Amino acid sequence: MSDPYAAHRDFIRPAWAARDLWRVIVMIVAFEVVFMLSPSVFASVLPSPELSAAFYEGTSAFGTLAQFASFGVAAAGFVILLQLLHGRGFWSLIGPAAAAKRDLTNVAVLVGFWLLVLEVFPPWIDTADLAMVRNFGVWLALIPMALVVLLIQVGTEEMFFRGYLQQQFACLSSSRWAWMVLPSLMFGGLHYWNGNGAADGIIWAIWAATLGIACADLTARTGNLGAAIGLHLANNAFALLIVAVEGWPASGVALFLYPYEDPALYALDAEALFSPWVIFQLITLLITIFIMWVAARVALKR
């Protein structure tokens, strides 16, 4: 029986020369510092205090797009750290360029198509409940810019978690728990802070860890980051562009906006995870990831 992860051996080869654990620990700490500083660095080059305020607020079109674009600062810092600590560059994280571009495009298109199909199923959006429907022409004009900044954001995350950490951990251990599960758990743990309260944070963490495992699997099957970036891009594009809550962060480019609600209303304790509605919500999220992963596999024909 053929090994579905045969391409993974070539993918991790650039990491073998400098695979010491201490380098990985230093990189994790250093990149965390770079990531925390990147919003301040990005804001410092904006030409006015008003634009800086909009960037930090993230509720306008400019603020939303700028927040995702600011991941480029972290990406640049990460590539510099990679060269300093490991003596390798950007493409060593990505894999073969032509294959990565092909897989990114094919997966993003097919996963995006199936996410669009899922939008047809209930629950449907009731326009009577909305605070605003964005001008359709303006919204269409925002899509190309949104896709570019999302590519920067998901590319940065995939380079670090499914590129760097997956490669380095695979050089330290052949166990899938080490190179597939551990980086995904770290990815999920960081997303805990996206939630409003413990229950929402745990849902975020479980969702992100599961998405991470799906992306790690695709990376190991293809030997490049293209498929993982494509799946992640399609997912985030639908999350950003379709529905949002007015006045909440990253709501500036959504087509449909629901009225503002205090986020504290959703700050539920961990016990809420056992309520039927929350369990249903989590199952729905996990099924959606499975559908995206299957669509990606079909796009890749592997």
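This briefing describes a sheet, a pocket, several helices and selected residues of one structure.

The structure is a predicted model, in which local features need pLDDT of at least 70 and side-chain atom pairs count only at pLDDT 80 or more, while totals for chains, interfaces and linings use all residues. Residues are numbered from 1 along each chain as its sequence is written, and side-chain values use heavy atoms, with hydrogens and water left out. Helices (H or I, at least four residues) and strands (E, at least two) are DSSP runs, numbered from the N terminus.

**Sheet**

- An open sheet is formed by 3 strands in the order S1-S3-S2, with mixed pairing; two strands pair if DSSP finds at least two bridges between them.
- Strand S1 (132-133) and strand S2 (243-245) are the edge strands, each pairing on one side only.
- The pairing of S1 with strand S3 (residues 256-258) is antiparallel and runs over 2 bridges.
- Opposite Val133 stands Phe256 in S3.
- The loop between S2 and S3 holds Ala250, whose phi is near 65 degrees, a positive value in a residue other than glycine.
- Ala250 has a relative accessible area of 22% and is therefore partly exposed; buried means under 20% relative accessible area, exposed over 50%, and partly exposed in between (1.4 Å probe, protein chains only).

**Second largest pocket**

- The second largest pocket holds about 370 Å³ of space.
- A pocket is defined on a 1 Å grid over the protein atoms alone, as an open set of points where a 1.4 Å probe fits, with protein on both sides within 12 Å along at least five of seven lines; lining residues have an atom within 4 Å of a point.
- Grid points are joined across faces, edges and corners, and the volume is the space filled by probe spheres set on the points.
- The lining comprises 17 residues, of which Ile143, Leu147, Ala237, Phe238 and Leu241 are the closest to the centre of the second largest pocket.
- Helix H7 (97-120), helix H8 (136-172) and helix H11 (226-241) each supply at least two residues of this lining, and the largest share, 6 residues, comes from H7.
- The lining divides into 15 nonpolar, 2 polar and no charged residues; Ala, Val, Leu, Ile, Met, Phe, Trp, Tyr, Cys and Pro count as nonpolar, Asp, Glu, Lys and Arg as charged, and the others, Gly among them, as polar.

**Helices and residues within or after them**

- Helix H10 (residues 197-222) has 26 residues and should span 38 Å at 1.5 Å a residue; its end C-alpha atoms are 37 Å apart, which agrees. The expected span is 1.5 Å times one less than the number of residues.
- Gly223 follows H10 and has a positive phi, near 75 degrees.
- Phe136, found in helix H8, is partly exposed because its relative accessible area is 48%.
- In sequence Phe136 and Leu255 are 119 residues apart, yet their C-alpha atoms are 7.5 Å apart in space.
- Met159 also has its place in helix H8, and its relative accessible area of 6% makes Met159 buried.
- Between Met159 and Val107 there are 17 Å in space, C-alpha to C-alpha, and the two are 52 residues apart in sequence.
- Lys301 is found in the segment after helix H12 (276-300); phi of Lys301 is near 60 degrees, a positive value in a residue other than glycine.
- With a relative accessible area of 77%, Lys301 is exposed.

**Cysteines**

- The count of disulfides is 0, where a disulfide is a pair of cysteine sulfur atoms within 2.5 Å.
- Cys171 is buried at a relative accessible area of 8%, and Cys215 counts as buried at 0% relative accessibility.
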